[in-house]
Amino acid sequence: QVQLVESGGGLVQAGDSLRLSCAASERTFSIYRVGWFRQAPGKEREFVAAIRWSGGSTVYADSVKGRFTISKDNAKNTVYLQMNSLKPEDTAVYYCAIQGVGAGRYDYWGQGTQVTVSS
């Protein structure tokens with residue numbers, strides 16, 4: 001069973017930056033895509049960004065485009081989310097998830113890391 005561990009969350013002020021990390025405990029299957037999602041209190045979980053494991057193509061939610069950057073280190077089985085120019089509305093629990101090759105959905109989820117942006 002693959003385990004995902006997120007880290008890097010914290011309390012920052014508006015305009016600051018944070019880098020989240022998502023490390024997979026082991027690579028027992030082929031990864032198709034890794035995504036970051038977030039859920040704010042009282043809101044639905046929403047997509048933030050994703051990266052293809054092969055090729056590295058990326059996609060972003062409009063709300064974070066130009067401010068957030070997703071990247072990966074294949075050798076370390078780790079995906080990063082660099083978050084710049086943070087806004088209070090970015091406050092949420094951030095989760096990473098893996099979609100395996102041939103899977104139609106994200107199969108493995110991390111436990112989440114809290115990001116709080118004060119105004």
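These exercises work through salt bridges in a predicted model.

**Exercise 1.** How many salt bridges does a search of the whole structure find?

*Solution.* The search returns five.

**Exercise 2.** Where in the chain do aspartate 90 and arginine 38 lie?

*Solution.* 
- Step 1: Confirm the contact. Their side chains form a salt bridge, 2.9 Å from N to O.
- Step 2: Aspartate 90 sits in the loop between β8 (78-83) and β9 (92-100), and arginine 38 in strand β4 (residues 31-39).
- Step 3: Read the separation. The two are 52 residues apart, and the pair links distant parts of the chain.
- Step 4: Check burial. Aspartate 90 has 1% relative accessibility, so it counts as buried.

**Exercise 3.** What does the pair of arginine 67 and aspartate 90 tie together?

*Solution.* 
- Step 1: Take the distance. The closest N and O atoms of this salt bridge are 2.7 Å apart.
- Step 2: Locate the ends. Arginine 67 is in the loop between β6 (58-60) and β7 (68-73), and aspartate 90 in the loop between β8 and β9, so the pair joins parts 23 residues apart in sequence.
- Step 3: Check burial. Both arginine 67 and aspartate 90 are buried.

**Exercise 4.** Which residues are linked in a network of salt bridges?

*Solution.* Arg38, Glu46, Arg67 and Asp90 are linked in one.

Methods
Residues are numbered from 1 along each chain as its sequence is written. This is a predicted model: local features need pLDDT of at least 70, side-chain atom pairs count only at pLDDT 80 or more; totals for chains, interfaces and linings use all residues. Side-chain values use heavy atoms; hydrogens and water are left out. A salt bridge is a side-chain nitrogen of Lys or Arg within 4 Å of a carboxyl oxygen of Asp or Glu. Helices (H or I, at least four residues) and strands (E, at least two) are DSSP runs, numbered from the N terminus. Buried means under 20% relative accessible area, exposed over 50%, partly exposed in between (1.4 Å probe, protein chains only).
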